[in-house]
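Reader: I would like a close look at the backbone in the loops. Please take me through one spot slowly, then link it to others.

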Amino acid sequence: MNKNNKLPLSGIRVADFGQQIAGPAVAMVLADLGATVIHIDPPLGPSWKHPANAILNRNKSTLRLDLKTAEGLEQAQEIIANVDIVIESFRPGVMKKLGVDFVELRQNRPELITLSMPGFATNDELRRDWKATEAVVAAASGVFTDMGFNRVLMGVNPSFSPLPLGSSYSITLAASSIALALYEREKTGRGDTIEVPIAAALMEGLSYNSYLIDALPERYKTMRELEIEHRQKNNIDMDLSYHELQEYLDPFYRTYQCADGRMFYCVCPSHRNHAERALKVLGIYDELISEGLPEVKDLHAPISQWDGETSIGVYPLPKKWADIISLKMKKAFLQKTSEEWEVIFGEEKIPGAPHRTTQEWVNSNYNKESGLFVDVNDPEFGIMRQPGPIVWFEEQEDEVLTPTPREDVTYSAALEKLKRISDAEVITRPTGEKILPASGDGWLKDLRILDLTNVIAGPHSTAFLSRFGAQVIKLDPVTPLYDPLIGILFAFQTGVGKKSTLIDITNSEGREVFERLIKSVDVVVINAVERQMKPLGLDNESLLEINPDILFCRLDCFGGPRNGSKANYIGYDDVTQANSGIMSRFGKPETPEEHAHLGTLDVNCGFSAAFGLAVALYQKRKTGKVSRVRTSLSAVANIAQIPFAFDYEGRAPFDEPSGREALGNHPFSHFYQTSDGWLFLDSDQSEIEKMNSIRGLEGIWFSHDPMFFLANKFKKHSTSYWLEVFSQADIAAAEPLSIQTLREENSRLSDNTSGIERGSYAFSIYPDHPSGHRVTQVDPYSIRPTESKVSAVTPAEKFGSSTKLVLTNLGYSKRKINLMLEKGIVATGWGKEFLPS
């Protein structure tokens, strides 16, 4: 029996017309979970000539068709007639011009699901026809100008990063939309026509960089922010060196040199237990206490009510204590090697990791033993180390860890394969006259989710699902684990669309409430490591005993399909960035630096979890099977690095652009100064003839130093001039804009709409946000179905605001609720203020 018959998407057939990264990668993650995929390239092969195509096309049959010929178009249409899903990633209207009209196809076959992934939205009149390469979308979306406080203080702007963030976010979002459409199709028989613009997906991925809270209390400003304000006010140059910058970083959120000369990233701010454990294993806790390090009991009280000037577990620390603690931590880290500290931190439940390069990450023993990487015998590259799946189901680990290499096939062989799968399908959805009309509801209307997660990745997954109609109850402890910066400030994003309740589930009465909640919902989501499952009663046996129909999803930091030596190590986005090579690339190995975008991996891990849950919902609807879904930050790190995260004998060096001074890939893909600003050109040698015909670039054909030539020529005209002439020549280029500019130009007062009709960028302003602040946030607008509804989400409510409502809906009397409040079993808030001042 084919292994794919055991996987949740077995029987699903996909025609993948995608090029570059995003489209093919969506089909890849579907194929990893069992879908049968036919990948169609143009006659000359993929437009992106890159070894990563071996990854993107694994588990697929590949063939070449020329849709510009009658025969090729007819063959493509016959392929489409035998699939459930069609994926394309061209500019708006290109497929229709080639003869493949999705509207017409779905009129004839309403069960068909189509996905378009243009660089910019179809309804973006300004940008829709741009040649939207990865870097052009990034430049236009603020990625290269909003590189974080570090780059501001070092005076580096713009700055290039080769991470394909736009594709990375759009992969998980688009895959989620397909899985949700499959779930809906099982109910109604209808498919959907979906668009996921990569620019919109990128903007949602950068949601923690783009949201704005007016009058943010001073206590939440880091040392870096205060230094930026000081320099701006006093007209001081932003010229810090990398080493000077380190002294503006929190001691629990920075890099330290170890005995082996290698760097270790300590990431444990904002959590009292993690920070205390770190100081103890470093051997400096008692020393600091004796020197008077204060401890504030209630970090969620206003600073004016604190019983000390600061505390362990506060982020950011005031500079006085930050300097004292950092100095001691520097000396302590020098006593052991980076690998020794990795084990100590991991075993003692402290977030932290050594800085590694991507090459070290790809070839690490842990990644192989855990299934985060797999070996595939590719027909071109031989044994190739490739990233494993981004989502997997418990008890199906072996099936997802044995991918088949891409296989070139003929048209007739591809069609025969599709028909064979079709003939074997047991159709369980409505068909023919039983197909229901479009309801206009969200895909997840009435789905009930219990959210047990914290920080970003976990809660972001359920916040994302709320836009489709899911009802989410967010459960947190009565006593907060994190300080307000991470515990509350991040919740402005992660808490949207949810009802918040505070319950102590560690005692018998609280446990009884918890079990009632589990009985009342369809899905449970948690971010935790394996060792925590049984004590919480969330292991498979215990959970199904309470609710045999419940679906379960777990996210963690280091998890893979198989348990490895780090399976129980805890960590955050930053830990994975350090461990996977992202920081070594962003800043260079000798001066590693956190990738500038907050939640770089966290947000995508949340989207990945949502994708897994959508597949589990589809599988349950179709077969009745109840599943446990898994994903991790480490798995998601691999798709963020998919152009680099592989190895094979004879591979070219791992030498992608890196460091804070990087301005591009090569002379034709690079930042250049114009007469009035900057421009990112994203071309290659193949377009030099077109460039030579552009007024102002004559002679580049003969230049022996194209970078010098272009740098001189670009300075002679404005950015707008170059944008116009490159657009006319159909050469990719963009002006690097800031997220602030995009937000200012595309914000409106909240109008209870999702923003889908507003182009590639859309933000809502909440002047009456529950926090008491005026808040601006990116809209839930990247996934754009035609027949299903996407709702504007409600703003995050104060923690505990819905405790009484949730308990009442569970059947508790007013008297019982009041008794539990008096005992501290439940609570209606962590403090008087939503965001303490």
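**Backbone in the loops**

Author: At 46% relative accessibility, Asp 446 counts as partly exposed, because that class lies between buried (under 20% relative accessible area) and exposed (over 50%), with a 1.4 Å probe and protein chains only. This is a predicted model, where local features need pLDDT of at least 70, side-chain atom pairs count only at pLDDT 80 or more, and totals for chains, interfaces and linings use all residues. Residues are numbered from 1 along each chain as its sequence is written, and side-chain values use heavy atoms, with hydrogens and water left out.

Now the backbone. Asp 446 is not a glycine, yet its phi is positive, about 75°. Most residues other than glycine have a negative phi, and most peptide bonds are trans. Asp 446 sits in the loop between helix H20 (411–424) and strand S15 (448–451). Helices (H or I, at least four residues) and strands (E, at least two) are DSSP runs, numbered from the N terminus.

Asp 730 also has a positive phi, near 60°. Its place is the loop between helix H33 (719–728) and strand S25 (733–734). Asp 730 counts as partly exposed, at 29% relative accessibility.

Next, the cis peptide bonds. One joins Asn 157 and Pro 158, with omega about 0°. Pro 158 lies in the loop between helix H7 (148–153) and helix H8 (165–188). Another cis bond joins Tyr 315 and Pro 316, with omega about -5°. The loop that holds Pro 316 runs between helix H14 (285–290) and helix H15 (319–333).
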